[in-house]
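User: Could you go through this structure with me, starting with whatever terms we need?

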Amino acid sequence: MSQNRSIPVCIVLSIVTCGIYGLYWWVVATNDVNRVTNRPGTSGGVSLVLSIITCGIYGLYWAWTMGDKLDAARAENGVAPGSFPIIFLLLNLFGLSIITLALIQTELNKYTPNF
């Protein structure tokens, strides 16, 4: 199961640590999406490295893939799918990947029980 994370705390930590926490958040969010949607794919660590090596180009593919997986999971759970692939792609294209991560975490928190 994925961990229910506070989005404001994740954003503040990303800003305070000059993006280092944001990299960690990318990795764990990717792994959580793979696990929650039951659609295994590139692990969080590998996707982060590929994005760095390709100067962010892989990050655009990552955004589309995460959106596609979350839309499919919504449809399987009887919730109308959104336009996550397009929204995530556009956000990352304009350098707003932190918003993409926040939206991904919002969806993940719906699949995670509160303890």
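Analyst: Let me begin with accessibility: buried means under 20% relative accessible area, exposed over 50%, and partly exposed in between, with a 1.4 Å probe and protein chains only. This is a predicted model, in which local features need pLDDT of at least 70, side-chain atom pairs count only at pLDDT 80 or more, and totals for chains, interfaces and linings use all residues. Residues are numbered from 1 along each chain as its sequence is written, and side-chain values use heavy atoms, with hydrogens and water left out.

User: Ok, so is Cys10 buried or exposed?

Analyst: Cys10 is buried, with a relative accessible area of 2%, whereas Cys18 is exposed at 74%.

User: And how many disulfides are there?

Analyst: The search of the whole structure gives 0 disulfides, a disulfide being a pair of cysteine sulfur atoms within 2.5 Å. For Cys10, the closest cysteine sulfur is that of Cys18, and at 17 Å it is too far for a bond.

User: Which residues make the contact?

Analyst: From helix 2 there are Leu23, Trp26, Val27, Thr30 and Asn31, and from helix 3 Gly44, Gly45, Ser47, Leu48 and Ser51, where contact means heavy atoms within 4.5 Å.

User: What about helix 5 and helix 6, at what angle do they cross?

Analyst: Helix 5 (residues 84–93) and helix 6 (residues 97–110) cross at roughly 150 degrees, and their axes come within 7 Å, so helix 5 and helix 6 are roughly antiparallel to each other. On the helix 5 side Phe84, Ile87, Phe88, Leu91 and Asn92 take part, and they meet Ser97, Ile99, Thr100, Leu103, Ile104 and Glu107 of helix 6.

User: And how is helix 4 placed against helix 6?

Analyst: Helix 4 (residues 57–76) packs against helix 6 at an angle of about 25 degrees, with the axes 11 Å apart, which makes helix 4 roughly parallel to helix 6. Their crossing is left-handed, and the contact joins Trp62, Met66, Leu70 and Arg74 of helix 4 to Thr100, Leu101, Ile104, Glu107 and Lys110 of helix 6.

User: Last one, what does Ala63 touch?

Analyst: Ala63, which is found in helix 4, is in contact with Phe88, Leu89 and Asn92 when its neighbours within four places in sequence are left aside. Ala63 is buried, with a relative accessible area of 0%.

User: And Ala29, which residues does that one touch?

Analyst: Ala29 lies in helix 2 and is buried at 0% relative accessibility; not counting residues up to four places away in sequence, Ala29 touches Leu101, Ile104 and Leu108.

How values were computed. Helices (H or I, at least four residues) and strands (E, at least two) are DSSP runs, numbered from the N terminus. Axes are lines fitted to C-alpha atoms, for helices over the stretch in contact, and angles run from 0 to 180 degrees between N-to-C directions. Angles under 35 degrees count as roughly parallel, over 145 as roughly antiparallel, 65 to 115 as roughly perpendicular and the rest as oblique. A crossing is left-handed if the near helix is turned anticlockwise from the far one by less than a right angle, and right-handed if clockwise.
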